[in-house]
Amino acid sequence: MGAKVTRKRVRTRWRKHDTELTLLALPTTIWYILFSFLPMFGVIIAFKDFKIHGNFLSNVINSDWIGFKNFEFLFSSNDVWIVIRNTIGYNMIFIILGIVVPVSLALMVGQLHSRKAAKVYQTMMFLPYFLSWVVVSAVLWAFLSYDKGIANQVLTHFSQDPKNWYMEPSYWPYFLVFMNMWKGLGYGMVVYLATITSMDSTYYEAAVIDGASKWQQTWYITLPLMKFVIVLMFILSVGGIFSTDFGLFFQVPRDSNSLYNVTTTVDVLVYKQLKTATVGMASASAFMQSVLGCGMILLANWIVRKVDPESALI
Amino acid sequence: MRKRFKAWLNAPLFIGAIMMAIFGLAGCSGSDSNNAANNTPTENSGSNVGEGSGEVPTLVWWTIGGQVPANFDKAMEKINEYTAEKIGVKIDLRVASWGDWDTKINTIVNSGEAFDIMFTNNGKYSQQVNMGAFTDLTDLVPNTVPDLHSYIPEMVWDGTKIGGKIYAVPTYKDSSLTQYWVFDDALVQKYNIDLGSIKTLQDLDKPFRDIKAGEGKGFYPLSLTQGEGISGFFNDYDDMTLGFQPIGVKTDDSSRKVVSVLEQPDIQAKLKLMHQWYKDGIINPDAPTKIEADPYRPFFSAQAFPGAEVNWQISAGIEKYDMVQILGPIYTTSTIQGSMNAISANSKYKEEALKYLELVNTDSKLRNMLAYGEEGVDFDYVNDKTVERKTDSWPLAAYTQGTFFNMAVTKGAPEDQWDQVRKLNEAATSSSILGFALDISELGTEVANVKAVWNKYSYELITGASDPEKRIPQIIEELKKAGMDKIMEAAQEQINAYFKS
């Protein structure tokens, strides 16, 4: 009852506070309208036989409708299932590890008494996030190159045969998962750490008086309080399950043929199609990716609501 | 605590942001191809400059080249001064860098960005024409620019035809293909290689093994990259401008039979030899993932003409390269389509653009300015027909612009260089299907599919990294699933129809 009254008051009176917030949100809103909502009409390219008729708009409007013919290409390709398997497989691993590892690390860093040390660790883990994949792929090349790579020099030092790493698909799932973790870890921790530091210390004080151990504090206070943020991050990342980090899957494996079956994801496929196939076909792939991604968000949200209605988003 | 989160959630802004994020994800990825379109309005201005009467129109010409140097604008100003006076046209020359060109040109064409002239080649041309991007020049050329029409041989014009129509002005130069093998002379002397006896890939076996034995473990006589392998490896087969090597017609096959190239015994034998070399350390082990070639290679294969070694010697930093001609000269439709300039279907100045291209091909002064840059800064005239380059920073690629035969020779190359090239053209044989270009408008899905399969295997096959005896059957099986048979049938039908009339 009380909540209802306050809400009404907020709605009826526009305050300075609201103006500030609106102004703050304005640039982002404009950005999304310009670059996300307006271009969405271009989705119809996926259903058209794209031809030049003047400027871009008239190209799109005057091209002939061809129904689902552009999608035919995607599904008549032998590899579409390998590609979808890769995309979903890697993303499931990324989502699980992307919650478990940063959360545990955030818990650990949160326990540190020295604020200074915590900052140093956090910054160090954050640094790789700022490197571009092109740079990372060059660094990895220095490790794995056949004749000059450090890995092979170590192998030959212990009188093992050098390996042509870029032609050994069995190692690459581990490499890719590792690279992704290494790069995204610090970024993933930020939100969790912020939640932990903003927690009310009176809970802990009360628990300590009751004789709770560190482990019990974590399990019964910190984690339950973090639950909402964890679920939020989970739902958001599930929405991206059909899109992958293009740099990771294209730049890092250096487009090696042998690694095709373990590194090609939907994004890489779309990029390759833009070079060899038509715009319509590439749009069809990207469109499918978006539709499936949207479906996954709704599904994840539905499941969350079944389990714990409080945490669901929509 | 929970209350606080609830409050968070209730804040309309927060929900708005989340919704935005969610839809943003969907919107963004659904429209990769159109983001570029948002940029077009600013670029549109190019063609409109000359709309007022009496003003000199400025044409937008997209071409390929390197990093634009500081004096580029000044050099362009001089070029424009000259042409404005001569034919009343200026150009706004835009240079896509070597690495970007593929993607950039695709984006420009697909987004409908305004341009007047565009450099194109056999990898892009038929698809762009198929999309309707270029003006049909068949009637315009003889009527508007008769000098240009008579300057370029009929055979070369024929090579640019698609469905019997001309859509681009070919650059008449080494339009026939001559393939050379190039050796570092120091190694030739050291290992007593008899260049005269080298005719086939098999003949390279002994020299390569001698070099490998002499130079040691870390030295690879045959240094390859993933994209190219040995350049010209499939040259015996005319690819019908499809840009897809596994299907072709043998250039000397008078019955004009479309064959599956990878299944031909000669190609298989060559691939087997490559694989052996790869295993024996003659080819660099990182070839299938190597993207950029080293400046110095002990041996390489290239399409070239007499005098071409001058530039290679400079960039490799060695004394001397020896060139051995191993194939050609031969005309195929693809070799002619290796370099052309097309005019946009939406250009307001089609005739002006064509006249400009005529001037490039007939006026030596303009030709040299485009090829070598600003006189006195980038180059000096030694005499009327020879220039000395003072910088190596002029970014434009001479081969993309127009004919070689009215262009000055660089000091150091033979003075009669272009005459030699002309002789090569005159001596060239023709592919049995010269003039034919495959129409892929009904084969879109199949072509895209087989190209995807070939991309998946080609790097390792053409660099010798994979065993052809195991890999070829696998590739063929996948290609068949992807629709190769349908393409071959259609190609054969089209060829039969084309040569019947």
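Helices (H or I, at least four residues) and strands (E, at least two) are DSSP runs, numbered from the N terminus. This is a predicted model, in which local features need pLDDT of at least 70 and side-chain atom pairs count only at pLDDT 80 or more, while totals for chains, interfaces and linings use all residues. Residues are numbered from 1 along each chain as its sequence is written, chains are lettered from A and ligands numbered from 1 in the order in which they are written, and side-chain values use heavy atoms, with hydrogens and water left out.

**View 1. Chain B at a glance.** Of its 501 residues, 56% are buried; buried means under 20% relative accessible area, exposed over 50%, and partly exposed in between (1.4 Å probe, protein chains only). Now take the contacts in chain B with a separation of 6 or more, where contact means heavy atoms within 4.5 Å: 74% of them are between residues 24 or more positions apart.

**View 2. A three-stranded open sheet in chain B.** The strands here come in the order β8-β9-β10 (chain B), and their pairing is antiparallel; two strands pair if DSSP finds at least two bridges between them. β8 (237-238) and β10 (258-260) of chain B are the edge strands, each with a single partner, so one side of each has no neighbour in the sheet. Strand β9 (residues 247-250) of chain B is joined to β10(B) by three bridges. Look for G248(B), whose bridge partner in β10(B) is V259(B). Packed on the sheet is helix α20 (residues 484-500) of chain B, which touches β9 and β10 of chain B and makes about 160 degrees with the direction of β10(B). For that angle, axes are lines fitted to C-alpha atoms, for helices over the stretch in contact, and angles run from 0 to 180 degrees between N-to-C directions.

**View 3. T251(B), a loop residue beside that sheet's strands.** You'll find T251(B) in the loop between β9 and β10 of chain B. Its relative accessibility is 11%, so T251(B) counts as buried. Beyond its neighbours within four places in sequence, T251(B) has contacts that include N235(B), Y237(B), I330(B) and S431(B).

**View 4. Two aromatic pairs in chain B.** The structure has 45 aromatic pairs over all chains. Rings of Phe, Tyr and Trp (its six-membered ring) pair if their centres lie within 6.5 Å; planes under 30 degrees apart count as stacked, over 60 as edge-to-face and the rest as tilted. W181(B) and F299(B) make an edge-to-face pair, because their ring centres are 5.9 Å apart and their planes are at 65 degrees. W181(B) is in strand β7 (residues 177-184) of chain B and F299(B) in strand β11 (residues 299-303) of chain B, so the pair ties together parts 118 residues apart in sequence. Both W181(B) and F299(B) are buried. The other pair to look at is F305(B) with W418(B): centres 5.9 Å apart and planes at 55 degrees, so this one is tilted. F305(B) sits in the loop between β11 and α13 (309-316) of chain B, while W418(B) belongs to helix α17 (residues 417-427) of chain B, 113 residues apart. F305(B) is buried at 15% relative accessible area, and W418(B) is buried at 10%.

**View 5. Rings and charges in chain A.** One aromatic cluster is formed by W141(A), W165(A), Y166(A), Y171(A), W172(A) and F175(A). R254(A) lies over the face of W141(A), 4.0 Å from the ring centre. Elsewhere, the charged end of K48(A) sits over the ring of W65(A), 4.5 Å from its centre. A charge sits over a ring if NZ of Lys or CZ of Arg is within 6 Å of the ring centre and within 35 degrees of the ring normal.

**View 6. Nonpolar cores.** A nonpolar core is a set of buried Ala, Val, Leu, Ile, Met, Phe, Trp, Tyr and Cys residues joined through side-chain atoms within 4.5 Å. The largest has 63 residues, and W61(B) and Y356(B) touch the most other members. Helix α15 (residues 350-362) of chain B gives the most to this core, six residues. Another core, of 62 residues, lies apart from it and includes V188(B) and L443(B).

**View 7. A133(B), a buried loop residue.** A133(B) is in the loop between α6 (125-131) and α7 (140-144) of chain B. With 3% relative accessibility, A133(B) counts as buried. Leaving aside neighbours within four places in sequence, its contacts include I52(A), V109(B) and I343(B).
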